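Please walk through the model shown here, moving from its helices to its sheets.

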Amino acid sequence: MTYDAVVVGAGFAGMYMLHRLRGLGMSVRAYETGAGVGGTWYWNRYPGARCDVESLQYSYSFSDELQREWEWSERYPSQPEILLYAEHVADRFDLRRDIQFETRVTRAAYDETANLWRVETDRGDRVAARYLITAVGCLSASRVPGFPGAASFPGPSYHTGRWPHEGVDFTGRRVAVIGTGSSGIQAIPVIAAQAAHVTVFQRTPNYSLPAHNRPMEPEYQGWFKAGHAGLRTTMRESAAGILSDPNPDSALEASEEERARVFESRWAKGGVSFMASFGDIAVNPEANEIAAEFVRGKIREIVTDPEVAELLSPRNHPIGSKRICVDTGYYATYNRPDVTLVDVRRAPIEEITPTGVRTADAEYPADVIVYATGYDALTGPLLAMDLTGKGGLSLRRKWAAGPRTYLGLMTAGFPNLFTITGPGSPSVLSNMIVSIEQHVDWITGCLGWLRDGQVATIDADPLAEDAWVEHVNEVAGYTLFPRADSWYLGANIPGKPRVFMPYAGGVGAYRVLCDQVAADGYRGFVLSA
């Protein structure tokens, strides 16, 4: 079977791409590993799973009718509600008939003679497509560290990114939670409320901001819907794709009283807009440290044990240089007598035993182990497929020293392969829905332009790709992002090249660049009839 396009993934990116390709009159087949739509929100069903972008902003903007009819119940949407929304979108736009579920793309190779992608799946499908579009997500390749002895543990073990759909009952259980990134920070308070005891193994403390989640106010939802056109434009032109009310003033030039007033106001409001308190927090180490110390002060206020508070206080990276977390009751959880915090930077985990977890200085009993250990971000989901471009070049070989793309949309030597929110685009540094829509709209415009001009193939120019990779690194160098060992650089995966992968120039500036490239006849791309 030959299609105009094959889409890999049926999360928010894949669903919108499918919708737009239909609008071009193209024949499309989408393949999705899960049994339903939703992508990351299909898989991440761990206790407390919730988006850290406000629900009204974490939603599609392409359909006025969709925006008007869907009612969110909370300020920050929970995983079940986001999944319901995704399912509603799939039903409303009749997307499922072109999606093959429970099917993983295992291999795709470019046929230079026919100018087609030959795609294979784990269910034996063999199809061809003129265009191959990956919508595999940035955080979908779950990572479980290879601790010695893990197979000897007789109890259940779970990764937050592959949570059982039926849920897990922790009542009366001793639970070991390994990892304190975003998913761990969300899950730990909920697990602690149910379990007999929770032992948290923390290597690196992370900065977390209060969500102050609450039921959605009808007045606020009505205000947003009434003015959504202007609000969406503001989001698209912003740095992170959210309504953060950025303050351009310098933290260094403000008085101590003014800084305290601004920080307290943002803290009380809740959410990631705290990072927009002052214009130099993300780029000036001294300004950043002032914001970081404010958050550490809040940790000391909340956590009653000074030693535990200090263990929870990040000091080895600037605030915001790792993914900023948003929580509900995280720090207060450590005031519970049935929660223990273990510093595995001082005493690393040496092995998983039949009775629990052993570190360099003690063994901790556990009936259940929860791995909140993150993902092989950005490149992992793409490299999990065996992608081969021109001349038999594999993507894994091409990216051996780190990902190389032009605009995060294409990689040279792989014609007609588009990567939605790929490395080299704002992606994980932004509201993903805003970045997804921008990429899908750009790709749709490109494919229509190629069809109208009878252009058979499009590929990134290697020189343009080199220049873009250099630009991505240069922009990152102006920020504090490279100062942290984060998954933005692949630091959580042993042996992975340390390369800053997302584009830190902001979604607004990036959109302008992409639009200029298209307006210039797709400058930086190689076109062939």
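Just after H14, Gln454 takes a positive phi of about 55 degrees; helices here are DSSP runs of H or I of at least four residues, strands are runs of E of at least two, and both are numbered from the N terminus. The structure is a predicted model, in which local features need pLDDT of at least 70 and side-chain atom pairs count only at pLDDT 80 or more, while totals for chains, interfaces and linings use all residues. Residues are numbered from 1 along each chain as its sequence is written, and side-chain values use heavy atoms, with hydrogens and water left out.

Helix H14 itself covers residues 432–452, and because its 21 residues should span 30 Å at 1.5 Å a residue, the 30 Å between its end C-alpha atoms agrees with expectation; the expected span is 1.5 Å times one less than the number of residues. Of those 21 residues, 16 are buried, so that H14 is mostly covered, where buried means under 20% relative accessible area, exposed over 50% and partly exposed in between, with a 1.4 Å probe and protein chains only.

Not counting residues up to four places away in sequence, Tyr510 touches, among others, Leu407, Gly424, Gln438, His439 and Trp468, a contact being heavy atoms within 4.5 Å. Ser425 is also in contact with Tyr510, and although the two are 85 residues apart in sequence, their C-alpha atoms are 7.8 Å apart in space.

H16 also packs against helix H7 (residues 228–237), at an angle of about 85 degrees and with the axes 6 Å apart; axes are lines fitted to C-alpha atoms, for helices over the stretch in contact, and angles run from 0 to 180 degrees between N-to-C directions. That angle makes H7 roughly perpendicular to H16, a label given to angles of 65 to 115 degrees, whereas those under 35 count as roughly parallel, those over 145 as roughly antiparallel and the rest as oblique. In this packing, Met235, Arg236 and Glu237 of H7 meet Val507, Gly508 and Arg511 of H16.

Turning to the sheets, an open one is formed by five strands in the order S7-S16-S8-S9-S12, with parallel pairing; two strands pair if DSSP finds at least two bridges between them. Strands S7 (157–159) and S12 (339–343) stand at the edges, each with a single partner strand, so one side of each is left without a neighbour in the sheet. Within this sheet, neighbouring strands are turned by 20 degrees against each other on average, direction ignored. S12 is joined in parallel by five bridges to strand S9 (residues 197–202), and Thr199 stands opposite Thr340 in S12.

Strand S6 (residues 126–134) has seven of its nine residues buried, so S6 is largely enclosed by the rest of the structure. Strand S1 (residues 2–8) pairs with S6 in the parallel sense over six bridges, with Ala128 in S6 as the bridge partner of Thr2. Strand S5 (residues 116–121), by contrast, runs antiparallel to S6 and is joined to it by four bridges, among them the pairing of Glu120 with Arg126. The hairpin of S5 and S6 has four residues between the strands, and there Gly124 takes a positive phi near 90 degrees. Finally, three bridges join S6 in parallel to strand S18 (residues 417–419), where Phe418 is the bridge partner of Ile133.
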